[in-house]
Structures are given as C-alpha cells and as structure tokens.
Amino acid sequence: LKILKKISRQIPGLKTETSSGFYYPKKGFGQITRGLAEHAVEAGTDLKLNAAVEKIFREGNQVTGLLFTQEGQTTRVETDAVWSTLPISLAVRMMDPPPPANVLEAASHIKYRGMILIYLILETDQFSEYDAHYFPELSVPISRMSEPKNYSASTEPKNRTILCAELPCDPATEWQVSDEALGQHMCQWLESIGLPVTVPVVRTETRRLNFAYPVYDREFETHFDVMDTWLSSLEGFLTYGRQGLFAHDNTHHAMLMAYAACECLDADGTFNKDLWAEHRIAFEEHVVED
C-alpha cells in the first residue's frame with residue numbers, strides 16, 4: 001500500500017508541488033560539492049584538484065606520508081595522518097611498503113562495478129515530465145535515466161534539456177565505446193521500450209567512473225574484514241566514505257561519515273578510535289533512499 005501510494009502521487013494529474021520529497025540545488029547537484037570546497041578553502045584548506053594519489057607511505061604501523069601526481073609533476077607529502085575515501089582495495093595496494101600477503105590477497109577479491117554516465121543533449125524544452133525512469137528489464141542495459149531539468153522549478157535554458165543515463169559496466173571490457181556510439185545506443189534502447197527520441201540530438205557527452213558500486217558477492221565480508229582490520233591497525237590512517245567502507249550509501253550518508261570522523265578528532269590532533277568504532281556500528285544502519 002505504501003508503494004502504491006507513492007506511485008500514485010507521481011501520476012500526471014495527481015502529482016502536486018509537494019509530491020516530491022527532496023530539494024534540488026538551483027545550479028545542480030554539483031553546487032553541493034562546490035559549496036563545500038569553497039568553504040574548505042576559506043578555512044585554510046590547500047585543495048589539490050585533478051591530482052592522483054600514487055602511494056601511501058608507512059613505517060611499521062605508522063603512516064608517514066603520501067605521493068601524488070598533478071599535471072605531470074610528482075610530489076611527496078610528509079604527514080602522520082591520511083584520511084582516505086579511496087576504494088579500500090586500492091588504498092591497500094598503494095601502501096609502501098606493501099601490507100602482508102593475506103591483506104593483498106583479500107584486496108584482489110574485492111570488486112567494484114564501473115559506470116558510464118551518458119548525457120544526451122536534446123533540442124527541446126522537455127523530453128518527459130518525469131524526473132527519472134528505471135529500467136529493470138534485461139533488454140535495456142542502462143539502469144536509470146534522469147532529466148535534471150525536471151528536478152527544478154526553472155524552465156531554463158529554453159529549447160534545451162539533457163537526459164542522463166546510467167550504464168553499469170566493466171571498465172576493462174566496455175570502456176572503449178565512443179561517446180557518439182553510446183548516444184546512438186541510448187536512443188535505440190529508449191525506442192525499444194516506447195520512449196523514442198524524436199527531437200534533434202545536439203551532442204552526447206560521457207563521464208566514466210571506475211568505482212561506482214561495490215559488488216556484494218558471497219565472500220565479500222570476509223575479504224573486507226581482512227583489509228579493514230589491518231588498515232584500522234595503522235596509526236594515522238582512516239578509511240571512510242562510500243568506497244572506503246565498501247558501502248552502497250547515499251550522499252548524505254557519506255557526508256555523515258565525514259562529520260562523524262571530524263567529531264572523533266580532538267583539538268590536539270588525537271583521533272578517538274573508540275568513538276569512531278561506535279560511529280561505525282551506527283553506519284551499519286544506513287539504508288539507501290531513492
């Protein structure tokens with residue numbers, strides 16, 4: 001009954017201004033992260049964008065620094081604390097010197113599902129009145145398609161809208177398809193289920209994410225615990241966030257983890273591991289909301 005009630009509120013004619021249960025930033029979802037970044041910089045953060053972490057250094061069980069590359073230049077930073085939202089298996093493999101063999105073995109068994117975001121830019125004000133479509137059928141490879149313009153009360157820009165399709169995939173085998181070909185495939189998939197694109201396509205753009213979803217096979221908990229236990233033994237190292245804790249969480253869950261981590265950091269720089277352990281237990285109660 002609860003599901004039927006929720007669906008009925010989205011039916012044309014019954015949908016009201018209060019039907020949706022969330023707010024959407026005026027300038028899109030990225031406005032949230034831009035706002036966080038701006039305030040962080042104002043507070044003294046040295047923010048490094050388009051930088052790739054290469055190694056995390058340690059001496060025994062103490063973190064001592066990291067190595068990153070930015071614009072072709074490699075930089076080593078000496079530090080006694082590293083907080084990481086990297087995929088946990090990637091963080092393990094970056095350790096220098098390497099962790100014990102059983103920890104590396106566990107990392108090799110942890111898998112993530114990649115994703116290609118396909119953006120179809122259309123020459124029309126609106127493609128559909130719905131903000132999102134879900135595709136459970138096997139004949140359509142995309143899992144969800146959203147029309148960001150429909151999340152907002154604004155009608156701008158005129159004669160333009162964007163469809164964003166989420167294509168779960170394996171980067172090792174499916175990464176080579178061009179943007180143009182993906183756009184054509186997307187139109188074919190939509191037409192096959194009765195949602196044909198009948199307006200001009202301005203262009204197609206993509207964003208490719210190597211680590212989108214954790215893959216929960218039957219053995220993942222065992223392998224995760226091996227990595228998590230070893231990383232937790234390191235002084236100064238913290239793994240958290242969606243990828244760092246191998247948790248299929250929402251954005252607000254990930255942000256809550258960050259606030260919790262900050263709560264565990266004392267004024268003298270000491271990290272309260274007991275309090276963090278309590279937060280970790282609370283994180284297990286997170287439920288994905290959609």
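Predicted model: local features only at pLDDT ≥ 70, side-chain atom pairs only at ≥ 80, totals over all residues.
In which sense do E6 and strand E10 pair, and over how many bridges?

View 1. Residues are numbered from 1 along each chain as its sequence is written, and side-chain values use heavy atoms, with hydrogens and water left out. E6 (residues 112-122) and E10 (residues 201-214) pair in the antiparallel sense, over 10 bridges. Strands are DSSP runs (E, at least two residues; helices are H or I, at least four), numbered from the N terminus, and two of them pair if DSSP finds at least two bridges between them. Look for Leu117, which stands opposite Arg207 in E10.

**View 2. Strand E6 next to E9.** E6 and E9 (residues 161-169) run antiparallel, joined by nine bridges. Gly114 has Cys169 of E9 as its bridge partner. E6 is mostly covered, with nine of its 11 residues buried (under 20% relative accessible area, 1.4 Å probe, protein chains only).

**View 3. Helices H9 and H10.** The axes of H9 (residues 251-263) and H10 (residues 273-283) come within 9 Å and cross at roughly 165° (lines fitted to C-alpha atoms over the stretch in contact; angles run from 0 to 180 degrees between N-to-C directions). That makes H9 roughly antiparallel to H10 (angles over 145 degrees). Met257, Ala260, Ala261 and Glu263 of H9 make the contact with Leu275, Trp276, His279 and Phe283 of H10 (heavy atoms within 4.5 Å).

Conventions:
Parallel < 35°, antiparallel > 145°, perpendicular 65-115°, else oblique. Buried < 20%, exposed > 50% of the residue type's maximum accessible area, 1.4 Å probe, protein only.
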